[in-house]
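Here is a short report on one protein chain. Keep the sequence and the model in view as you read.

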Amino acid sequence: MSSIILNTLRRQCVSQFRTRLLQQSFLTTTSRGFHIAPIACAPKPHQKDEFSHLEAAHSPDQFGTLSPQVDEPETPDEGDLKEEDFLQNIPAPGQKLSVRQYADLIKDHLKNNRIREALDVVEVRMKQDRVKPVNYHFNLLIGGCARVGYSKKAFQLYNKMKQHDLKVTGGTYTSLFNACAVSPFLGDGLKRANQLREIMLEKGYEPNESNYNAMIKAYGRCGELKTAFQLVDEMVARRLSIGTDTFNFLLQACISDREYGFRHALLVWHRMQRMRISPDRYSFNLLLRCVRDCQLGDLETTQQVIEQILSESIGGNGGKQVPAIEEPSIEAVERSEEDNAEQQQKLATIVTNRELTERLNHEGVPDLLSPQPHLGSLVRLGEVRKPEDRLLLLGGSSNVFAEMRRCGAEPDIRTITELLDVIPSTYAAEKQLLGTIKQLKLRCDIDFFNILIKKRSMRFDYEGAKDVLYMIEAANLEPDIVTYGVLALGCQTQEEARSLLKMMHEADVRMNIQILGAMLRQGCAKQNFRYVTEILQIVRRERLKPNEPFLRHLEEFGRVCEKRDREYDAKPRKRGKDEFKQEYNRYRMQLDAWREHMGLQGLALDQALGIVREHPWEQFKEPQAEGYEAVKNPKLRHKRKKQHSIRRVDVEAIEDDDDRGQGKEHDQTKEVKLAH
């Protein structure tokens with residue numbers, strides 16, 4: 001019985017073993033036919049096969065085996081995903097827009113200064129819609145980037161235009177040169193302008209008037225005045241029309257030269273008059289900016305330039321013919337033509353020299369602005385140092401208005417604001433200018449009053465600067481963030497700073513680092529450690545990022561304190577040593593804690609400036625934040641800047657210098673009355 005059971009079990013095991021061997025066998029093909037692959041021994045249970053499928057596939061004894069099972073990678077290839085998405089997500093026909101509709105989207109974003117969103121229309125939206133952009137779209141984007149000085153992106157778009165084999169038009173070159181002109185990096189802008197000009201020469205493209213004006217603007221603002229003037233000569237050689245805009249760009253070029261710009265501006269101005277091109281309002285505004293920012297240069301060359309202007313004006317005589325001194329005699333009529341030419345030349349030289357001497361010895365205020373300029377009673381040019389002195393060379397503000405009337409140019413509030421920067425820093429001059437505003441019936445904006453506050457603060461007339469707030473209220477205007485910034489220049493103590501910050505809080509105006517920097521400047525000037533420490537605490541509490549002027553004020557204040565500390569160490573008995581040492585040590589401990597919190601501890605000034613300095617193009621690389629005013633309230637986009645009349649301000653209520661000198665009480669002049 002037991003033998004029967006044992007034989008039965010043995011037969012079952014043999015049957016199972018044969019079945020398992022048949023399941024593991026497989027067929028292979030050869031060039032001669034089929035054969036059965038050798039059978040490996042059965043693996044032991046719970047033991048992995050050390051012979052991998054990849055080794056079997058590459059073995060010389062194995063040929064034509066089935067593909068081995070390889071695990072798929074955990075992270076799929078990015079290119080495969082894009083290809084799969086491109087093949088599967090085909091846009092619907094209604095999703096695609098027309099060329100004009102895409103252009104309208106770009107225009108709407110550019111109108112609201114959403115540069116990143118405008119670029120995404122071409123770089124993202126049109127790619128998703130599988131629509132190829134045209135040169136009109138690229139020209140819109142290049143123009144938008146040029147207006148904000150994003151020159152790098154403008155030239156990248158220009159290169160993409162060439163890659164797409166799109167036609168580059170004259171407007172494209174104009175926008176690219178404008179991008180070079182507005183670029184925050186003058187060296188980079190000049191380099192790109194030179195490269196673009198070489199490309200135009202290689203292609204044989206002949207620039208038009210707009211291209212030349214844009215090139216003059218680019219080279220002038222980048223400080224390459226010689227090239228800017230050469231471009232004007234090139235326009236004359238090609239007989240292109242030269243208008244007021246061309247000379248306005250030349251005046252902008254003069255402004256970029258701080259040392260010799262005023263001298264260049266005089267030459268440009270009288271060249272414009274000799275060509276009988278009438279200056280407009282912007283020409284006068286640019287000339288006044290030259291008066292404010294530019295110097296005469298070396299006096300000897302400036303004297304020669306003025307004499308040249310006087311001689312050329314006498315030769316042209318302002319468009320009038322030179323009158324004859326005496327009637328010609330009979331003998332002169334019978335002379336030959338050569339003798340007549342020589343005589344006329346001699347007479348013209350005599351008249352010119354005589355009139356030049358009269359111009360140089362002219363009595364009164366100098367006038368280098370009119371077509372018949374003269375130096376008046378000016379003794380020497382070495383006395384001309386300040387902007388009001390250079391304005392006096394033009395005949396003063398009254399002569400500027402008279403010349404504008406002669407040229408048919410009406411002054412605006414920008415002209416008055418430019419004049420405010422160059423008139424003498426006195427109450428009498430400011431009162432006269434306010435009277436001119438009333439006489440011309442101009443509408444004044446808040447920017448004018450901001451400049452007036454700043455002008456008074458810079459001459460340390462802080463009470464007079466506060467009086468302008470009553471003038472703003474009388475003109476039915478409201479202070480803006482710049483108003484509080486210029487008012488901060490007059491906060492000499494902690495109490496005044498706290499009062500201004502409270503005023504800003506009540507007006508729902510958030511403070512910025514510029515306003516706190518102006519307060520810090522006053523605290524450092526007064527060497528008030530507690531004032532400076534409080535400003536640092538406000539910066540830390542409000543989580544504001546310090547800017548370059550803020551750190552420079554702290555660095556300069558530190559040098560002054562170290563010098564004073566060494567002086568106390570050299571003279572131990574000097575009065576105030578203990579008090580200074582105590583305040584200075586407390587300040588240094590708090591400054592170190594502030595620097596550590598800001599991540600500036602142990603860094604030199606240059607390293608710290610590199611951290612806090614913001615790149616001007618970073619704002620164009622990120623989408624605009626939600627809640628931006630232009631997006632939140634679209635109606636405000638089309639609303640003009642609020643302007644009101646200043647005619648109702650009683651100018652007589654503003655005190656004169658004489659009243660200030662006599663010690664007139666401040667309460668009597670604090671209120672600005674309204675004229676009935």
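## Terms and model

A residue is called buried when its relative accessible area is under 20%, exposed when it is over 50%, and partly exposed in between (1.4 Å probe, protein chains only). Arginine 380 has 52% relative accessibility, so this residue counts as exposed.

This is a predicted model: local features need pLDDT of at least 70, side-chain atom pairs count only at pLDDT 80 or more, and totals for chains, interfaces and linings use all residues. Residues are numbered from 1 along each chain as its sequence is written, and side-chain values use heavy atoms, with hydrogens and water left out.

## The chain as a whole

The chain has 676 residues, and 39% of them are buried. It holds 33 helices and 4 strands. These elements are DSSP runs numbered from the N terminus: helices are H or I with at least four residues, and strands are E with at least two.

A contact means heavy atoms within 4.5 Å. Take the contacts between residues at least 6 apart in sequence: 69% of them join residues at least 24 apart. The accessible surface of the chain is about 41900 Å², and carbon and sulfur atoms account for 50% of it. Such areas come from the Shrake-Rupley method with a 1.4 Å probe; for residues, only the protein chains shown count as cover.

## Confidence

The predictor's confidence in each residue is its pLDDT, from 0 to 100. The chain averages 79, and 72% of the residues score at least 70. Over residues 318–341 the pLDDT is below 50, and this stretch has 11 contacts in the model beyond near neighbours in sequence. Residues 653–658 also stay under 50. For them the model has 16 contacts beyond four places in sequence.

## Helix α9

Helix α9 spans residues 186–203, 18 residues in total. From first C-alpha to last it reaches 26 Å, close to the 26 Å expected at 1.5 Å a residue. The expected span is 1.5 Å times one less than the number of residues.

Which residues of α9 are buried? They are Gly189, Leu190, Arg192, Ala193, Leu196 and Met200. They cover an arc of only 165° around the axis, so they sit on the same side of α9. The arc is that of the directions from the helix axis to the C-beta atoms. An α-helix has 3.6 residues a turn, so residues three or four places apart point the same way. The buried residues of α9 pack against α7 (151–163), α8 (170–182) and α10 (209–221). On the other side of α9, Gly187, Lys191, Leu201 and Glu202 are exposed. Just after α9, glycine 204 takes a positive phi of about 75°.

## Cysteines

Cysteine 222 lies in the loop between α10 and α11 (225–237). This cysteine is buried, at 11% relative accessible area. Leaving out residues up to four places away in sequence, cysteine 222 touches Cys180, Leu186, Gly189 and Leu190. Its C-alpha is 6.9 Å from that of glycine 189, 33 residues apart along the chain.

How many disulfides does the structure hold? It holds 0. A disulfide is a pair of cysteine sulfur atoms within 2.5 Å. Cysteine 524 is in no disulfide either; the nearest cysteine sulfur, in cysteine 561, is 7.9 Å away. Cysteine 290 is buried at 0% relative accessible area, and cysteine 524 is buried at 12%.
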